[in-house]
Structure formats: structure tokens, C-alpha cells
Amino acid sequence: MSSPTSQTHTSAPDLQDFETKHRSQAGVTRVIFAFSIFLAIAHIYINTIGTLPELWVSAFHFSGFGILCALLIPAHPSLLKSKTALVIDILMIVALAGITVYVVLFEDALYARGVTFNTGDWIASSVAILLSLELIRRTSGWFIPALIVVALTYVVMWGQWIGGTFAFPGLSLETLLYRSYFSTDGMFGSISRISWSFVFMFILFGAFLVKSGAGDFIIDLSRSLASKMIGGPGFVAVLGSGLMGSVSGSSVANTVSTGVITIPLMRKAGFPARFSAGIEAAASTGGQLMPPVMGAGAFIMASYTQVSYVTIISVAAIPALLYFLSVGFFVRVEAKRSKVIAVEDDGPTVGSVFKAGWHHIVPLAVLVTLLVQGFTPTYAAGISILAVIFSSWLSKHHRMNLMDILDAMVQGAKNMSTTAVLLVGIGLVVNVISTTGVGNTFSLMITGWAGGSLIFTIILIALASLILGMGLPVTASYIVLGTLSAPALYSLIAESQLIDMMANGTLPQAAHAVFMLVDPTSLTKLAAGMPVDEATLLLSQVPGDFRGMLLDQSLGAEAVAMILVTAHMIIFWLSQDSNVTPPVCLTAFAAAAIAKTPPMRTGLTAWKLAKGLYIIPLLMAYTPLIGGTFEEMVRLTIFGILGLYAFVAVMEGYLEDQLSLLNRGLLLVATLALLWPGVDLIWQLVGSVIFFAIFMKGFRNYSKT
């Protein structure tokens, strides 16, 4: 009889399936190396002391990383060594360079003609879009190019053919090409600006950290801290993936880099193979939720909401902590149930890890300090890169020399290439959404489908994110969903808080004037409070033009900003679910390749273990988990931790020992008492008592076995 491992080996994908195939000819490799260094230095200059027009910089950013993609990735993997394909790509490189040159040389001439296209404008703008489609196809597949084509043709063609809500009278092709190429609304708009500034600098910072040995330090630190605990190797995966994800910002890269160490450790300790892969996938997915990098999400969120980057990563910290704890609770439950043994880990001790690698903390400390002091994220990242180099010289074993610095630049540029062309291309979709008003239409449609219900709105957004995530990377999925559905979600969250104030009689006096215009007889009720249904009906009578002013007067500008951040944070979290949700869950598939387990079943396991991706956004929506007072945050954190542990125990039917049906039911009651929004403190304390009573009973029973 074959072993379980051998039975599943053939059904698991190969780990190489998750690694992009690059050209490896000696001459091309040298060109890639030199050009990557040029791109890195150019972007550092642009983000520190450069003062070039943003349109020119965005065009250069796209052309530069487009050239790098063309050098690295041929039109098809079978053409990696084809000289003919290389010649064609050289022609593509010339065209990419021409895009930037044309913008620089002929932008003024276009405006001198009154924004009337000549032949050169038609050719340059059309070629730019076509090259964007091809580069994205090479790096991310067919889905996004198809989405861009659908969006662009909607504006000039089929939007005027359809009736109903999404009917659009149409724009001329000349106007579309102008807005896509020459204006700061399309390819070279705000998304591109975020890409060449914040995203690039932090990806480069991460590359320098990894090159300096910070990745090994993170893994060693995780092993030294967690390996001796019950289920230690599982906690190593959670802690290591969380720390590594805060640097890499890529869930698949996170899985591959940490999983090759943590999954074998978990298997050796006695964790089931599929569970081991699922934990690694769930934990690595959380890496994009962990400040300070958060993939590119934090930067895009800051741009959308006009809330500072420091504020974004500050309010993201506690939700991220709750997520990783929820994954860790699954680890402890499974460790107890599977009788996981302590693994003799010959890794270093905590003291020796810090003694050898304490200097890796210096760049992160510099980064946080500069951000808190109010420096821009790009400046902070630039200084932190220098801090990585200087701090490495404090090491006795890995001092970065010139070649290490150049290698880090090359790796940072390569890591950025796919993201750069993707974000520039997504700018075309965002331009169509803003130009046509589809975003507002979609938001109204979501609100209509959900019947004004916040919970159903979140469910619809979750379903949309799952469908989009099958073809879009997380960052692109968040951009599209945030543009389409954030206004609806923001309105519902803000209005739910406003209705609570009306029902409780706590509406500020300044806001009464708006309601006096709608119903003069309502002022007395507003002062005393009213039933929720009546408050909802009264609010519905307020004209839409007055809603924004009413929210500002009632909630305050700071609270309104935090509600907007909450809406975007919920969408960003839900955008992660495609990483661990079948049928397309690349993070789980990468973990399955390491564990040699069936990919789809591993995906289902990862989906179960990542339930925090759904629970915590609900807490964001219905509680002040983001932007609350200190007392509110402490209460939400403490009872949230207990509630998530109770929830895991209910799902697994195990809390230190097998749960009886009665105790499982009691824990369900405790879970609701601990996590349900607006519950009185007394009920949360009752839920805590129930949890601890069942926990201690299970602990004593387990100790006797």
C-alpha cells in the first residue's frame, strides 16, 4: 500500500508552477541586470530630489518596467530561448521607449493645436494601450486585458447600444485616447503615481531587507519564540508568515519563502499534511494585512480616502493582530486534537538570534520613527533603505557590499515589474469608471439589491471580490471593487451610525436644522429619541444633496474620515479571500505544492482556517474597531480575542478536549455574546465566564489523558 504522501503527490502542482519563467541567456541577463539598476536609481532620484512633471514620470515608469517585462518574459513560455521572439521583443522595447519620448516631446504641441489629434497622437496613444494589454497578458494572464477591452469599448461603442441603468451616450475615440494616454486620469493617473512612488519604494525596501538577511532573521526569530509551545511549528508558520508578509507584501511569495521551512516542521511534529499547508496559506494571506507594507493596499487606500498613510497602518494593526490570533487558535486546537509532539528543534535560542540579528530591527525602527514624525512614506522608505545598508555593517556575518546593494536593486526592480504594468493598466479601467459614472451606478445597484441592508451589502461585495479574485490579483481586485462599491458601503455604515444617534436622542443640535426642513414636527422626537424604524424613515426623507452635510454635522469630519477608511478596509480584506477560496486560490495551491497535498482540498482547508477574513470585516462594519476611542479599542480587542477563540472551538468541536454537544452549544452562545455588536458589557462578561469554564474543564480532562 502506498503512503498518503505518495498518493497525493501526483495531484499536487509543482512548486515551479508558481514561479514566472524568465529568460536566462547570458547576454540578456546582463542587460536585465544593468537596466534594473538603472530603473532603481532613476526611481530613487525621482522620489527624493527629482522635480519632473508627473505625467512624464508615469510614462517613464510604465515604459521602463514594460521594457524590463519584455526582456524577462517572452510572449509564451515556450519562446524563452527563441531568438526570433527576442528580436520581436526588441521592437516592442523600442516602441515602449517611444511612448515616453513622445509624451515629453509632443505634449505641448497637442495643447497648442487645441487638443486635436494628429497622426502621431493617434499612433502613440493606440500603441501605448496595446502594449499595456500585451504586457499584462504576459504577466497576469488574459482576464485583466479582457476587462480593459470591455471597459474601453463600453465608452466608445456598446455603452450606447444598451438600455437601462448602464446606458452611456458614448465618447469619441479621440477623447478616449486622450484621456487614456495624455491626461492624468488614465494610464498615467493616480494609480500610476502610487505605483512609481509608494509601491516601488517599499518593494525596494523589502528587497534590501531580504538581501541583508532579514528573512532568515525573521524565520529564526519565529522558531526560537514559538517552537517550544504546544503546536510550536504551527505557530512558527503563523508568526513567521506574519512578519515576513509585513516585508514582502505578496501572499504567494510569502508562502513559498516561509512554507518550505514551516510545512516540513509541522509535518514532523504530527500535524496533518493538508492542515499544515492550509495554515501556511492562511497565515501568508494575512501578510498583506500586516502593516507597514500591506501589499500596495495601504498606499492606494491613503490615496482614495485622503487619510494619511500613518493613520491607515495604525488602524490596520489591531485587525491584523486579531486575524493572526484566529489562525493561531486553529493551530492550538489541532495540536491538542492530533497529539502533536514537541519537535527537537536545533535552531538558535531567542538570545542568540537577537545577538546575531538585532541590527535588522534598526531599519524598521527608522521607518516607523520617520513616518510618525510626519515625513512622507517615500522619503521614509528611502532613508530606511540606507539604514538597511548601514545596519548590515553592524553584523559580523552579512555586511552588504557593493554587489549586494546592486543585487538588491535588481531584485527590487524585478519584483516591481509585474506590479507596475498591472497598476498602469488598471488605471484605464478606473478612468472608465470615473468618466462614465459606473461607480455611482454600481453603488446604487448594490444598495438596491441589498435593500439598504449593511450585512447584505457586505455579502454582495464579498461575492464580487471572490469572482474578481479568480482573475485579478489582490491589489487590482481591491482597486476595482473600491472604486465601484466603497461609496455604497461608506454611506450605509455612516447612515447606520447616524440612525443610532437619532434613536438614542444624541444627535448634535447643529444637525437638527436639516430635519426641520424635512419634518418640523420631528425636532421633539430627535431630542428625546425614537424607534429605529422611525429614525430610518425620517432619514430616508432627507434629500441626497443634504446627506453629506448632515453626516459631517452629526458625526464630525474625523469620524466621517474613519468611516471611509473602514469601508475601504473592509473591501481590502474581502479582496484577500481569493487567495484561499477555491476554485482559484494560488496561495493555497502553492502551499499544496510544498506539502504534496491535493490542491482543491487544501484550498478548502485554507478557506476554513482563514475565517477571520470574514468575521473581522463584520466587526469593522458594526463596531468602532477602526477609529474608536482607547477604551473602545481595549474592550473590542479583549472580547474579540476570546470570541474568535470560542468561534474556532465551535467550528472544530474541540477546546482543549473534545466538546460535548451541550458545551458546543454553550460556546456558541458565548461566541455571540462576545462578538455581537452593541451587546452590553454584562453579557460579554457572561460569555467570557462560559468560555473560561469550558476551557478549564477541557484543560483538566486533557491533562488526565
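## Helices, loops and buried residues in a predicted model

Helix H29 (residues 612-622) is mostly covered, with eight of its 11 residues buried. Buried means under 20% relative accessible area, exposed means over 50%, and partly exposed lies in between (1.4 Å probe, protein chains only). The buried residues of H29 are Gly 612, Leu 613, Ile 615, Ile 616, Pro 617, Leu 619, Met 620 and Ala 621. Helices here are DSSP runs (H or I, at least four residues), numbered from the N terminus.

This is a predicted model: local features need pLDDT of at least 70, side-chain atom pairs count only at pLDDT 80 or more, and totals for chains, interfaces and linings use all residues. Residues are numbered from 1 along each chain as its sequence is written, and side-chain values use heavy atoms, leaving out hydrogens and water.

**Two helix pairs**

Take H13 (residues 297-305) and H14 (residues 309-337). Their axes come within 9 Å and cross at roughly 120°. Axes are lines fitted to C-alpha atoms, for helices over the stretch in contact, and angles run from 0 to 180 degrees between N-to-C directions. H13 and H14 are therefore oblique to each other. Angles under 35 degrees count as roughly parallel, over 145 as roughly antiparallel, 65 to 115 as roughly perpendicular, and the rest as oblique. H13 passes H14 in a right-handed crossing. Right-handed means that the near helix is turned clockwise from the far one by less than a right angle; anticlockwise is left-handed.

Which residues make the contact of H13 with H14? H13 supplies Ala 298, Phe 299, Met 301, Ala 302 and Thr 305, while H14 supplies Tyr 309, Ile 312 and Ile 313. Contact means heavy atoms within 4.5 Å. By class, this contact of H13 with H14 has seven nonpolar, one polar and no charged residues. Ala, Val, Leu, Ile, Met, Phe, Trp, Tyr, Cys and Pro count as nonpolar; Asp, Glu, Lys and Arg count as charged; the others, Gly among them, count as polar.

The second pair is H11 (residues 251-269) and H12 (residues 273-286). Their axes come within 9 Å and cross at roughly 145°. H11 passes H12 in a right-handed crossing. From H11, the contact includes Ser 251, Asn 254, Thr 255 and Arg 267. From H12, it includes Ala 273, Ser 276, Glu 280 and Thr 285. By class, the contact of H11 with H12 has six nonpolar, nine polar and two charged residues.

**Positive phi in two loops**

Most residues other than glycine have a negative phi. Gln 306 has a positive phi, near 60°. Gln 306 sits in the loop between H13 and H14. Lys 596 also has a positive phi, about 60°, although it is not a glycine. Lys 596 is found in the loop between helix H27 (586-595) and helix H28 (599-609).

**Accessibility and cysteines**

| Residue | Relative accessibility | Class |
|---|---|---|
| Gln 306 | 67% | exposed |
| Lys 596 | 27% | partly exposed |
| Cys 69 | 1% | buried |
| Cys 585 | 0% | buried |

How many disulfides does the structure hold? It holds zero. A disulfide is taken as a pair of cysteine sulfur atoms within 2.5 Å.

**A glycine in H30**

Gly 640 lies in helix H30 (residues 630-652). Gly 640 is buried, with a relative accessible area of 2%. Gly 640 touches Leu 322, Arg 635 and Leu 675, not counting residues up to four places away in sequence. Gly 640 and Val 410 are 230 residues apart in sequence and 43 Å apart in space, C-alpha to C-alpha.
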